[in-house]
Amino acid sequence: MTQFDMSKNEIKVAPNDGSYLLDGYELVCGLEVHVELATATKLFSASANRFGDEPNTHIDPVTLGLPGALPVLNRQAVELAMRIGLALNCTVQASTFHRKNYFYPDMPKAYQISQYDQPINVNGWLELPSGKSIGIERAHLEEDTGKSTHVGGAGGRIHGSAHSLIDFNRAGVPLVEIVGRPDIATPDEARQYVTELRQILVAIGASDAKMEEGSMRCDANVSVRKPGAPLGIRCEIKNVNSVRSLGRAIEYEARRQIVLLEAGEKIRQETRHWDETDGRTHTLRSKEDADDYRYFLEPDLVPLDPDAAWIEAVRAALPMLPRERRNRLAQATGVASDAESIMVIVERGQDDYVLAVGLAGGDVGRALVHVKEAFAEQGFNPAVPAGDLAGMIILETGGKLTSTQAKTVLGELVAHGGGDATAIAAAKGFEALDNSALEAIVDQVIAAQSESWAKYCGGEEKAMGALVGAIMKASQGKADGKAVTALLQAKRS
Amino acid sequence: MFRQSLDWTVEMTTIPSTAAAIADAVRSGVLKATDVLEAHLERIAEREGEIHAFNLVTTDEARAAASRIDADVAAGRDPGVLAGVPIAIKDNMCTRGIATTCSSKILEGWRPPYDATVVQRLAAAGAVTIGKTNLDEFAMGSSTENSAFGVTYNPRDITRVSGGSSGGSAAAVAAGFSPISIGSDTGGSIRQPAALCGVVGVKPTYGTVSRYGLVAFASSLDQVGPFSTDVRDSALVLEAISGHDPMDSTSIPQGPLSLQGVLSQGVEGLRVGRITDMPGGADPDVTERLEAAFDALQAAGAIMVDVQMPSMKYGLTAYYLIAPAEASSNLARYDGVRYGMRVNAPDTNAMYSATRSAGFGDEVKRRIMLGTYALSAGYYDAYYGKALKVRRLISEDFDRAYTKADVLLTPTSPIVAFPVGAKSDDPLAMYLCDVYTIPTNLAGHPAMSVPFGTGAFGLPVGVQIMAPTLGEQTMFRVAASLERSMIASGGG
């Protein structure tokens with residue numbers, strides 16, 4: 001379903017038909033990500049940087065842009081910005097602040113203080129789990145605006161609203177804008193980029209990076225072209241509020257542009273608004289309507305020139321980054337570094353825990369599986385002591401617990417925040433079924449089910465199912481399925 | 001020197017005319033701060049009607065402050081180096097709970113929730129604020145005729161302007177309403193009215209006095225400084241208000257200036273520079289006084305040297321791009337929403353428009369337009385960008401000049417106080433008033449004006465002493481020397 005409305009140079013493409021790459025076009029996408037820094041106070045004043053409090057409680061003359069108030073740069077914000085830059089392989093350099101002049105009610109000074117031609121971090125890259133590198137052009141410091149709430153208009157938009165309310169708690173909150181190079185070629189890469197970036201930001205303590213709460217905001221610059229052709233005209237997509245929406249928005253926008261081009265139309269450079277409800281992007285403003293920001297050097301601040309010792313101290317204090325943590329866990333477990341289990345565990349920050357279970361004597365591979373399955377609700381520091389989980393895994397790998405029993409014991413450990421696996425197993429009646437006892441049961445069943453046994457020996461693998469089922473029943477569930485299969489195979493050959 | 005005796009008698013007690021003498025007397029218990037205050041309030045009652053130095057006289061707050069000073073002295077506590085000294089504050093500095101208007105209708109009714117750092121430091125030194133003085137709206141002007149609340153007249157001749165933009169502060173000191181006052185200087189706004197009113201006025205090095213709480217006009221040029229009747233009082237005030245302020249990022253990280261100790265050092269061997277290629281236009285009566293100043297300094301042992309400032313003639317043009325550019329950004333916040341006046345209209349945009357149309361005066365609107373244009377895409381390089389280059393060239397001129405000279409001398413103003421209305425319709429003629437004062441603002445250097453006799457119509461003439469960054473001590477030695485020579489010649 002495609003509707004053309006050429007009078008508005010607008011085209012509506014049905015959302016989500018899954019065919020975004022048409023006729024040999026390729027996608028060129030770069031992301032601009034704003035993150036709120038996890039500082040105690042605002043970028044230029046001593047008011048608290050806190051989300052979710054009563055409106056207009058974290059304000060002061062600087063935040064409100066009162067006449068005569070002056071900004072003073074927050075050292076912690078600079079340090080967090082440097083952490084971000086260093087974690088993204090950027091060069092940290094001497095920088096300056098500019099005034100970006102524009103008039104909007106939630107910007108009390110009528111200008112935003114932002115870094116312009118001399119940002120603090122330049123020329124870095126972020127490596128996706130797949131190994132592909134996405135370039136980072138810059139990551140610069142700037143202040144956030146207040147938050148407007150439009151009352152009475154449709155869908156919370158200003159148009160048609162009866163009045164507007166402004167909360168200045170967010171005004172002056174420190175932001176770092178991370179400008180990625182247009183190296184992203186698929187919506188999935190965009191999702192990976194943002195997911196990886198989020199993990200890095202959380203790992204280094206720079207931001208809680210929650211897209212849903214707005215502490216991480218993502219704009220996508222999207223264009224399409226035939227392979228080898230010059231870059232196409234790009235559109236900037238705003239209002240993308242989740243990783244999932246990001247993929248959808250990019251996919252929709254690429255298809256919209258391709259349909260326009262195929263219809264012989266030109267793409268108009270503009271800013272477009274992603275609408276979550278209809279799954280489409282809509283014109284917000286064209287390039288011609290763009291503000292003239294009249295940038296000039298902020299005379300109320302001095303140049304920021306962190307010395308080498310400070311930069312090196314920040315670099316030295318950086319924690320291990322997600323990519324290194326995945327590699328470390330992959331090495332310990334023998335699982336591929338971009339396997340889902342590795343990704344999930346590192347994202348949850350439970351990799352140290354898994355490795356601790358290994359150090360306590362448990363098999364690291366089993367620990368990876370169990371922690372992934374059973375610890376989704378736990379944080380980076382699960383309640384179950386690593387030694388307790390190791391104890392359970394030792395029983396399991398030693399054949400003392402079947403995998404079903406192991407799961408039951410694990411459930412008990414989680415429910416009680418730890419415990420002695422041996423005692424739990426005993427209390428549940430999961431006493432050990434040693435190999436001679438198991439072999440006796442297997443022999444009994446082979447004798448009783450001679451027909452199935454004959455078929456199995458004749459190469460009919462399906463027949464094994466009946467045998468295993470009977471053995472499990474005879475052992476009252478205490479037999480380990482894998483051990484039974486192994487024993488049957490051994491007896492056949 | 002045009003200098004009246006401002007000493008007078010209250011109930012058998014003589015009130016000295018200088019801040020230093022008043023503070024000494026109050027600290028030692030010889031005088032009561034309350035008596036000092038009442039004497040000055042009386043002066044205000046007598047002449048304020050014809051001069052209009054103040055937008056607001058804070059009688060009640062001043063009486064309360066003076067009583068606290070007296071209580072401190074009675075209890076054996078030292079109220080500070082400005083104990084009981086009445087002081088007038090230019091009405092573009094924030095005073096907690098007290099209207100701060102910038103002489104603009106747009107700030108009508110606004111009471112700042114905080115004190116400017118300068119105001120805090122003055123109070124901590126025991127000074128008693130007696131009121132907020134008139135200025136050209138948002139400090140844009142050279143005559144205090146651009147005030148929304150009326151002209152400030154020159155106490156030396158009430159048919160003439162007091163200069164500007166700190167005309168109210170200059171007039172307050174010249175009229176004896178307070179021995180000292182505070183102004184701000186963006187392109188000459190302290191020095192030029194000081195010269196026209198016959199008092200001392202100092203613009204210190206950019207960054208020596210905090211700008212926190214000074215309502216910004218052009219942030220990279222604005223600097224706060226004192227007015228006084230003599231050189232020592234300006235030194236005293238500067239010592240009290242200077243020094244690093246963590247609330248102002250452009251504040252120089254160093255302690256307060258130390259100036260009173262150098263005043264008696266003389267100028268023996270100091271190199272005093274004459275700018276041979278100085279832009280012309282000063283009236284003969286003014287240049288005559290400048291020559292007299294050179295002679296006086298030479299007689300006191302200083303060495304005269306010639307220097308060149310080839311870019312100085314472009315200073316005025318550069319200033320009238322840079323200052324309005326910054327002003328256009330600084331003044332964009334006045335929209336009638338959060339504070340100040342509001343003119344209601346059917347919708348929000350119309351309200352902004354109506355508020356600004358009614359709230360800003362013509363000169364302010366002119367500079368907002370000029371500055372917005374200078375910063376606009378497509379014009380930035382030709383105007384604002386070029387002005388910044390001129391600014392650098394002027395700094396380089398100064399750097400070269402100061403390898404030859406320790407201070408430079410020029411007239412403060414090319415003319416003596418002119419009649420009210422004489423230049424109101426000619427902005428360019430008005431801008432020329434600042435031709436000698438602007439270059440130091442562009443360079444961030446200190447400069448001061450000292451009264452040095454009279455010119456046409458017996459009106460005061462000021463001589464400007466300029467010095468390199470943080471050269472205040474040398475500058476004050478020269479100022480004190482000129483003052484001594486005037487007193488010796490009977491001009492005091």
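This is a predicted model: local features need pLDDT of at least 70, side-chain atom pairs count only at pLDDT 80 or more; totals for chains, interfaces and linings use all residues.
I take a residue as buried if 20 or more other C-beta atoms lie within 10 Å of its own, as exposed if 12 or fewer do, and as partly exposed in between, with C-beta atoms placed from the backbone. Residues are numbered from 1 along each chain as its sequence is written, and chains are lettered from A and ligands numbered from 1 in the order in which they are written.

**Entry 1. Backbone of chain B**

I looked up Ala139(B) and found it buried, with 30 other C-beta atoms within 10 Å. Its phi is near 70°, a positive value in a residue other than glycine. Ala139(B) sits in the loop between strand E5 (128-133) and strand E6 (153-154) of chain B. Helices (H or I, at least four residues) and strands (E, at least two) are DSSP runs, numbered from the N terminus.

I then turned to Phe457(B), which is not a glycine and has a positive phi of about 60°. I located Phe457(B) in the loop between strand E14 (447-454) and strand E15 (460-466) of chain B. Is Phe457(B) buried or exposed? Phe457(B) is exposed, with 12 other C-beta atoms within 10 Å.

I noted a cis peptide bond between Gly164(B) and Ser165(B), with omega about 10°. Ser165(B) belongs to the loop between strand E7 (157-161) and helix H5 (167-174) of chain B.

**Entry 2. Thr208(B)**

I placed Thr208(B) in the loop between strand E9 (200-203) and strand E10 (223-228) of chain B. Thr208(B) is buried, having 25 other C-beta atoms within 10 Å. I count two residues as in contact if their C-beta atoms, placed from the backbone, lie within 7 Å. Leaving aside neighbours within four places in sequence, Thr208(B) is in contact with Ser242(B), Ile252(B) and Leu257(B). Between Thr208(B) and Leu470(B), 262 residues apart along the chain, the C-alpha separation is 8.2 Å.

**Entry 3. Contact of chains A and B**

I found that chain B contributes 29 residues to the contact and chain A contributes 25 residues. On the side of chain B that touches chain A, helix H9 (315-330) and helix H11 (362-375) of chain B each supply at least two residues. H9(B) gives the most to that side, with three residues. By class, this side of chain B has 16 nonpolar, eight polar and five charged residues. For these classes, Ala, Val, Leu, Ile, Met, Phe, Trp, Tyr, Cys and Pro count as nonpolar, Asp, Glu, Lys and Arg as charged, and the others, Gly among them, as polar.

I also examined Phe296(A), in strand E16 (residues 296-297) of chain A. Phe296(A) counts as buried, with 25 C-beta neighbours inside 10 Å. Not counting residues up to four places away in sequence, Phe296(A) touches His98(A), Arg99(A), Ala325(B), Leu375(B) and Tyr384(B). Phe296(A) and Lys100(A), 196 residues apart in sequence, are 7.4 Å apart in space, C-alpha to C-alpha.

**Entry 4. Helix pairs in chain A**

I fitted axes as lines to C-alpha atoms, for helices over the stretch in contact, with angles from 0 to 180 degrees between N-to-C directions. The axes of helix H2 (residues 187-203) and helix H3 (residues 243-262) of chain A come within 8 Å and cross at roughly 150°. H2(A) is therefore roughly antiparallel to H3(A). Angles under 35 degrees count as roughly parallel, over 145 as roughly antiparallel, 65 to 115 as roughly perpendicular and the rest as oblique. The contact of H2(A) with H3(A) has six nonpolar, two polar and three charged residues.

Helix H12 (residues 435-448) and helix H14 (residues 463-474) of chain A pack at about 130°, with their axes 9 Å apart. H12(A) and H14(A) are oblique to each other. In this pair, Ile441(A), Val442(A), Gln444(A) and Val445(A) of H12(A) meet Leu467(A), Ala470(A), Ile471(A) and Ala474(A) of H14(A). The residues of this contact divide into seven nonpolar, one polar and no charged.

**Entry 5. Domains of chain A**

I recorded domain 1 (2-309), domain 2 (322-427) and domain 3 (435-492) for chain A; such bounds come from an automatic or database domain assignment. The C-alpha centres of domain 2 and domain 3 of chain A lie 30 Å apart. Four residues of domain 2 of chain A are in contact with six residues of domain 3 of chain A. The domain 2 side of that contact has no nonpolar, four polar and no charged residues.
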